[in-house]
Amino acid sequence: MSQINQLELQNLRHLIYSHETSAKKLEAYAQQATDPQVKQMFQKSAQDARNTKQQLMSFLN
């Protein structure tokens, strides 16, 4: 893969941070949910956000 420029690096870092923040918020929502289906939806969404964060972080290597 070719090297990324500074703007791309800045955008990538922003996306990584955003997905981590989203995952934390979704996990907090899951902990507060009383409906099992809603809880599961939030947990899955949090995991999806963490997975995407990991994929984005792979571009930094």
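**Ground rules**

I am working on a predicted model, where local features need pLDDT of at least 70 and side-chain atom pairs count only at pLDDT 80 or more, while totals for chains, interfaces and linings use all residues. I number residues from 1 along each chain as its sequence is written, and my side-chain values use heavy atoms, with hydrogens and water left out.

**Overall form**

I looked up the secondary structure and found two helices and zero strands. The radius of gyration is 14 Å, well over the 10 Å that the globule rule gives for 61 residues, so the protein is more spread out than a compact globule. Here the radius is taken over C-alpha atoms, and the rule is 2.2 Å times the number of residues to the power 0.38. Helices (H or I, at least four residues) and strands (E, at least two) are DSSP runs, numbered from the N terminus.

I noted the span of the C-alpha trace along its principal axes as about 45 × 15 × 10 Å. Next I checked contacts, meaning heavy atoms within 4.5 Å. Of those with a separation of 6 or more, 55% are between residues 24 or more positions apart.

**Surface and charge**

I have the accessible surface down as about 4,900 Å², with 52% of it belonging to carbon and sulfur atoms. These areas come from the Shrake-Rupley method with a 1.4 Å probe; for residues, only the protein chains shown count as cover.

I also looked at the 7 positive and 5 negative charges, whose mean positions are 5 Å apart. Lys and Arg count as positive and Asp and Glu as negative, with His and the chain ends not counted. The place of a charge is NZ of Lys, CZ of Arg, CG of Asp or CD of Glu.

**K53**

Is K53 buried or exposed? I find K53 buried, at a relative accessible area of 17%. K53 sits in helix α2, which covers residues 36-57. Which residues does K53 contact, leaving aside neighbours within four places in sequence? I list I16, H19 and E20. With E20 there is also a polar contact, side chain to side chain, at 3.1 Å. Such a contact is a pair of N or O atoms within 3.5 Å; within protein, one must be able to donate a hydrogen and the other to accept it, and residues adjacent in sequence count only if both atoms are side-chain atoms.

I moved along helix α2 to A49, which is buried with a relative accessible area of 8%. Not counting residues up to four places away in sequence, A49 touches H19 and A23. Its C-alpha is 10 Å from that of E27, 22 residues away in sequence.

R50, in helix α2 as well, counts as partly exposed at 28% relative accessibility. I put its C-alpha 6.4 Å from that of E20, 30 residues apart along the chain.

T52 belongs to helix α2 and is partly exposed at 27%. T52 and H19 are 33 residues apart in sequence, yet 7.2 Å apart C-alpha to C-alpha.

**D35, in the loop**

My last stop was D35, in the loop between α1 (6-32) and α2. D35 is partly exposed, at 36% relative accessible area. What does the side chain of D35 reach at 2.7 Å? I found the backbone nitrogen of Q37 there. D35 and R13 are 22 residues apart along the chain, with their C-alpha atoms separated by 34 Å.

Terms used:
Buried means under 20% relative accessible area, exposed over 50%, partly exposed in between (1.4 Å probe, protein chains only).
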